[in-house]
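Please look at the sequence and the structure first, then read on.

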Amino acid sequence: MKKLIFTSLLSIVVIISTAQLITTDPPLPVVSGPVTITFNAALGSGGLAGYTGDVYAHTGVITQYSSGSSDWKYVKTNWGQNTPETKLTRIGQDLYTLTIAPTIRAYYGVPANEKILQMAFVFRSGVQVGG
């Protein structure tokens, strides 16, 4: 009975961990290393679900100098700007990755004396949709 309960709990954890909008590899990134972000477009608002064109990240960081979670610092590109360094790689239906390298700090250009608290992302299509 204990083995069955453990197996069931393990299965639930696996289902929960694989059904996330954004995951990172490594799971606990450090600013002095690289990280791969995986975006599941079928989750969240689902605005890019089924989309097969190019997907880009609008991304920056929250530092100790940010006034709140919407005060992004060191934003990589202006909104709507498509660059190779913010283009995601499609790895499957509705699944995309973005590798931030050589380190998180270097990718965003954050000075060594500034503490990075969070990375912030909005994922968008490579072309304007709607009007």
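## The nonpolar core

In the largest nonpolar core there are 19 residues, and those with the most contacts inside it are Leu-88, Leu-98, Ile-100, Tyr-108, Phe-121 and Phe-123. At least two residues of this core come from each of strand E2 (35-40), strand E3, strand E5 (95-100), helix H2 (104-108) and strand E6 (116-125). In soluble globular proteins, nonpolar side chains tend to be buried together. The model is a predicted one.

Which residues does Leu-88 touch, not counting residues up to four places away in sequence? They are Phe-39, Val-55, Tyr-56, Ala-57, Tyr-96, Thr-97, Leu-98 and Phe-123. Of these, Leu-98 and Phe-123 are also listed among the core residues with the most contacts.

## The chain as a whole

The protein chain contains two helices and six strands. Read from the N terminus on, its elements follow the order α-β-β-β-β-β-α-β. The chain has 131 residues, of which 31% are buried. When contacts between residues at least 6 apart in sequence are considered, 60% of them join residues at least 24 apart. The chain exposes about 8100 Å², and 59% of this is supplied by carbon and sulfur atoms.

## Strand pairing around E5

Strand E5 pairs with E2 and with strand E4, which spans residues 89-92. The table lists both pairings.

| Strands | Bridges | Direction |
|---|---|---|
| E2 and E5 | six bridges | antiparallel |
| E4 and E5 | three bridges | antiparallel |

Asn-40 has Leu-95 in E5 as its bridge partner, while the bridge partner of Thr-89 in E5 is Thr-97. Thr-97 is also one of the residues that Leu-88 touches. E4 and E5 form a hairpin with two residues between the strands, and Asp-94 in this hairpin takes a positive phi near 65°.

## His-58

His-58 belongs to strand E3, which covers residues 55-63. Is His-58 buried or exposed? With a relative accessible area of 13%, His-58 counts as buried, because the limit for that term is under 20%.

A polar atom of the His-58 side chain lies 3.4 Å from the backbone oxygen of Thr-77. Thr-77 is also among the residues in contact with His-58 when neighbours within four places in sequence are left aside. Phe-121 is one of the core residues with the most contacts.

Conventions:
Residues are numbered from 1 along each chain as its sequence is written. This is a predicted model: local features need pLDDT of at least 70, side-chain atom pairs count only at pLDDT 80 or more; totals for chains, interfaces and linings use all residues. Side-chain values use heavy atoms; hydrogens and water are left out. Helices (H or I, at least four residues) and strands (E, at least two) are DSSP runs, numbered from the N terminus. Buried means under 20% relative accessible area, exposed over 50%, partly exposed in between (1.4 Å probe, protein chains only). A polar contact is a pair of N or O atoms within 3.5 Å; within protein, one must be able to donate a hydrogen and the other to accept it, and residues adjacent in sequence count only if both atoms are side-chain atoms. Contact means heavy atoms within 4.5 Å. A nonpolar core is a set of buried Ala, Val, Leu, Ile, Met, Phe, Trp, Tyr and Cys residues joined through side-chain atoms within 4.5 Å. Two strands pair if DSSP finds at least two bridges between them. Accessible areas come from the Shrake-Rupley method with a 1.4 Å probe; for residues, only the protein chains shown count as cover.
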